[in-house]
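Colleague: I would like a close look at a single part of this model. Please take it step by step and keep it brisk.

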Amino acid sequence: MICALASSVCFGAASVLQAMGARAAEPGTGGGVDVALMWRVLRQWRYLAGLGMDALGFVLQIVALRTLPIYMVGAALAASLAVTAVIASRVLKARLSRVEWTAVAVVCSGLAMLALASGKEGHRDGSEALPWALLGISFGVLLLGVVGGRLPERPRALVLGLGAGFGFGVVEVAVRLIDGVDFADPAWYALLVGGGAAFILLTSALQRGSVTTATAGAVLGETIGPAIVGVAWLGDRTREGFDWLAIVGFAVAVAGSLTLARFGEAPSPAPESATL
């Protein structure tokens, strides 16, 4: 549980840094998902710092996924928005309203309920088709990026954010399925393709559309689907008699996180900080 919460702290700090770096990068031309954007944002120190925080958070996430049910880890990752809100209120001098501070408390309450209800990690491998399904979904995320990147601004941010969430969700499930280094295992390729596609889609969404909408879509995509897979196919369970508390806690944590989604929004960079 400590690793899951620590990973949410890392991801929460990274979201603001990456949004600022993406906004400071030179915009591309034309429609669609801009793959070359990744090369441009890598010139922004804030984005690089965010990637470093993401890398640390990912390592902690892997440890958590190997010891906790997916629904528990997913809710903790969604709670990274509460971390972002608190950081924004201190570092960026963003003012949180009473409703927003209440949402932070709601997220913490949801996580507390999940912690009380959570059982042990499941040890089933699921169907033999599950790794191949993950690989198919990961390529579907790329296709969703091609289609979503051509939509008008408002639906584009939601579709790209949701696609990024699906990609990160593929990573969560794939981590549970991988057992040692076996490059014949499709779960490895699902992890690589899904994670790479998720980063491309989320970076494009952060630069080209509403960060709030993109973040909300990503939260939904990376929490609900993997949680269902964990319970239905991988054997994740709650403590006996605490199913209702786990469901309520999960719903409360995600709802509070969506309320805080606007704190993925980064302030516009000053002209002199556009490039380094």
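How much space lies in the largest pocket? Please also cover what lines the pocket, and how some of the helices that supply the lining pack against their neighbours.

Modeller: This is a predicted model. The largest pocket holds about 620 Å³ of space. Its lining counts 28 residues. Closest to the pocket centre are Phe11, Asp54, Phe168, Leu202 and Glu222. By class, the lining has 17 nonpolar, eight polar and three charged residues.

Now the helices around the pocket. At least two lining residues come from each of H1 (2-24), H3, H4, H5 (80-90), H8 (153-177), H9 (186-208) and H10 (211-232). H9 gives the largest share, with six residues.

H3 spans residues 45-65 and H4 spans residues 70-78. Their axes come within 9 Å and cross at roughly 150 degrees. An angle over 145 degrees counts as roughly antiparallel, so that is how H3 runs relative to H4. The crossing of H3 past H4 is right-handed. On the H3 side, the contact uses Gln61, Ala64 and Leu65. On the H4 side, it uses Ile70, Val73 and Leu77. Five of these contact residues are nonpolar, one is polar and none is charged.

H4 also packs against H6. Here the axes come within 10 Å and cross at roughly 165 degrees. H4 and H6 are therefore roughly antiparallel too. This crossing is left-handed. From H4, Tyr71, Met72, Ala75 and Ala76 meet Leu111, Leu114, Ala115 and Ala117 of H6. The contact of H4 with H6 has eight nonpolar residues, with no polar and no charged ones.

From H6, move on to H11. H6 covers residues 98-117 and H11 covers residues 243-259. The two axes come within 7 Å and cross at roughly 155 degrees. H6 and H11 are therefore roughly antiparallel to each other. Their crossing is left-handed. H6 brings Ala103, Val106, Val107, Gly110, Leu111, Met113, Leu114, Leu116 and Ala117 to this contact. H11 answers with residues including Leu245, Val248, Phe250, Val252 and Thr259. The contact of H6 with H11 divides into 14 nonpolar, five polar and no charged residues.

Asp54 and Glu222 are among the residues closest to the centre.

Terms used. Residues are numbered from 1 along each chain as its sequence is written. This is a predicted model: local features need pLDDT of at least 70, side-chain atom pairs count only at pLDDT 80 or more; totals for chains, interfaces and linings use all residues. Side-chain values use heavy atoms; hydrogens and water are left out. Axes are lines fitted to C-alpha atoms, for helices over the stretch in contact, and angles run from 0 to 180 degrees between N-to-C directions. Helices (H or I, at least four residues) and strands (E, at least two) are DSSP runs, numbered from the N terminus. Angles under 35 degrees count as roughly parallel, over 145 as roughly antiparallel, 65 to 115 as roughly perpendicular and the rest as oblique. A crossing is left-handed if the near helix is turned anticlockwise from the far one by less than a right angle, and right-handed if clockwise. Contact means heavy atoms within 4.5 Å. Ala, Val, Leu, Ile, Met, Phe, Trp, Tyr, Cys and Pro count as nonpolar, Asp, Glu, Lys and Arg as charged, and the others, Gly among them, as polar. On a 1 Å grid over the protein atoms alone, a cavity is a set of points where a 1.4 Å probe fits but cannot get out, and a pocket is an open set with protein on both sides within 12 Å along at least five of seven lines; lining residues have an atom within 4 Å of a point. Grid points are joined across faces, edges and corners, and a volume is the space filled by probe spheres set on the points.
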